[in-house]
Amino acid sequence: MSKSGSEDKPFQISKRLVWEAYKSVKRNKGAAGVDGQSIEDFETDLKNNLYKIWNRMSSGTYFPPPVRAVEIPKPHGGGTRILGIPTVADRIAQTVVALQLEPRMESIFHEDSYGYRPGRSALDAVKKCRERCWRKDWVLDLDVQKFFDTVDHDRMVKAVEVNTDQKWVVLYVKRWLTAPIHMPDGKTVERDRGTPQGSAVSPVLANLFMHYAFDT
C-alpha cells in the first residue's frame, strides 16, 4: 500500500497513518474479535486488508462490526468486568483516529495525568507521589464507578468536536460509541452509553472526557 492518500475521497486520510496504526496494533498483539481473525490471519493479505480500511474510512463508508465481549475477573475479588475486543481491522481503524487525536490531546492534558498516555506509566505516577509525600500529609483517592460502561455519548462527542476540525474523526467516534457488543452468551446488545474498555480509541476518549470533568 502506497503511503499517500487520494485526492478524490471525501475525507483526506493518509495511507501512512493507516500503516502506522497497523504497526501499533501489531505491537500490542491482542485476541481476535467477532470474526475470529487473528493478526497473523490479517497479515496473510496485508496489503489488500489495509487498503480496504483506508478506502472505506476515506470514503465515509466504514462501519464497525460488533465488539466481542469477554468477562474477566476483577482484581482482589468483586465480580467481573466486561472487556470489549474489536476485530483486528477495527482496532487498526480506531488507532487511526487515536493517532490523529493524540497530538492535540497531549498539548492540552494536565501535566499530572499519567493514564493511557504515550511515554507515561503508573510507575511515573508513583514516582511523583513519592516526591510529594514529603511535602504533603494528605492523599485524595477516588474511583469513577463503571466509567467505561456508562459515560454519556453526547458529552463525549462534544469533547471530540471542540478538539478536531476533521469531520471524519467525529463521524467514526460516533459510530464506535454506538457499535453493538456481542455478549459471551451469544446475544448482541445495542449501546446508548459507554465506550468498550479494551478498544483502541477508548483510552483517548476517556482521557479527553476526564480532562473536562476533572482537570479543567
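A search of the whole structure turns up one cavity of 30 Å³ or more. A cavity here is a set of points, on a 1 Å grid over the protein atoms alone, where a 1.4 Å probe fits but cannot get out. Grid points are joined across faces, edges and corners, and a volume is the space filled by probe spheres set on the points. The model is a predicted one, so local features need pLDDT of at least 70 and side-chain atom pairs count only at pLDDT 80 or more, while totals for chains, interfaces and linings use all residues. Residues are numbered from 1 along each chain as its sequence is written, and side-chain values use heavy atoms, with hydrogens and water left out.

The largest cavity holds about 50 Å³ of space. Lining residues are those with an atom within 4 Å of a point, and for this cavity they are Val67, Gln94, Trp176, Leu177, Ala179, Arg191, Thr195, Pro196, Ser199, Val201 and Ser202. Sorted by class, that makes six nonpolar, four polar and one charged residues. In this sorting, Ala, Val, Leu, Ile, Met, Phe, Trp, Tyr, Cys and Pro are nonpolar, Asp, Glu, Lys and Arg are charged, and the others, Gly among them, are polar.

Now for the overall build. The protein has nine helices and four strands, which are DSSP runs numbered from the N terminus (helices: H or I, at least four residues; strands: E, at least two). Along the sequence they come in the order α-α-α-β-β-α-α-α-α-α-β-β-α. The radius of gyration is 18 Å, close to the 17 Å that the globule rule gives for 216 residues, so the protein is as compact as a globular protein of that length. That radius is taken over C-alpha atoms, and the rule is 2.2 Å times the number of residues to the power 0.38. Along the principal axes, the C-alpha atoms fill a box of roughly 60 × 40 × 30 Å.

Of the 216 residues, 38% count as buried; buried means under 20% relative accessible area, exposed over 50%, and partly exposed in between (1.4 Å probe, protein chains only). The protein exposes about 12,800 Å², and carbon and sulfur atoms supply 52% of it. Accessible areas come from the Shrake-Rupley method with a 1.4 Å probe, and for residues only the protein chains shown count as cover. As for contacts (heavy atoms within 4.5 Å), among those between residues at least 6 apart in sequence, 70% join residues at least 24 apart.

Next come the pockets. A pocket is an open set of points with protein on both sides within 12 Å along at least five of seven lines. The largest pocket has about 2,100 Å³ of space. Its lining runs to 50 residues, and the closest to its centre are Leu142, Asp143, Val144, Met210 and Phe214. The elements giving two or more residues to this lining are strand E2 (80–85) and helices H5 (122–132), H6 (147–150) and H9 (202–215). H9 gives the most, with six residues. By class, the lining of the largest pocket divides into 23 nonpolar, twelve polar and 15 charged residues.

The second largest pocket contains about 640 Å³ of space. Of its 29 lining residues, Asn28, Thr95, Ser199, Ala200 and Pro203 lie nearest the centre. Helix H1 (15–28), E2, helix H4 (88–108) and H9 each give two or more residues to this lining, and the largest share, seven residues, comes from H4. There are 15 nonpolar, nine polar and five charged residues in the lining of the second largest pocket.

A few single residues are worth a look. Most residues other than glycine have a negative phi. Lysine 29, though not a glycine, has a positive phi of about 60°. This lysine is found in the loop between H1 and helix H2 (39–43) and is exposed, with a relative accessible area of 59%. Tyrosine 116 also is not a glycine and has a positive phi, of about 55°; this tyrosine lies in the loop between H4 and H5.

Valine 126 lies in helix H5 and counts as partly exposed at 40% relative accessibility. Between valine 126 and leucine 208 there are 22 Å in space, C-alpha to C-alpha, and 82 residues in sequence. Leucine 171 is found in helix H8 (residues 167–178) and, at 23% relative accessibility, counts as partly exposed. Leaving out residues up to four places away in sequence, leucine 171 touches Phe11 and Gly60.
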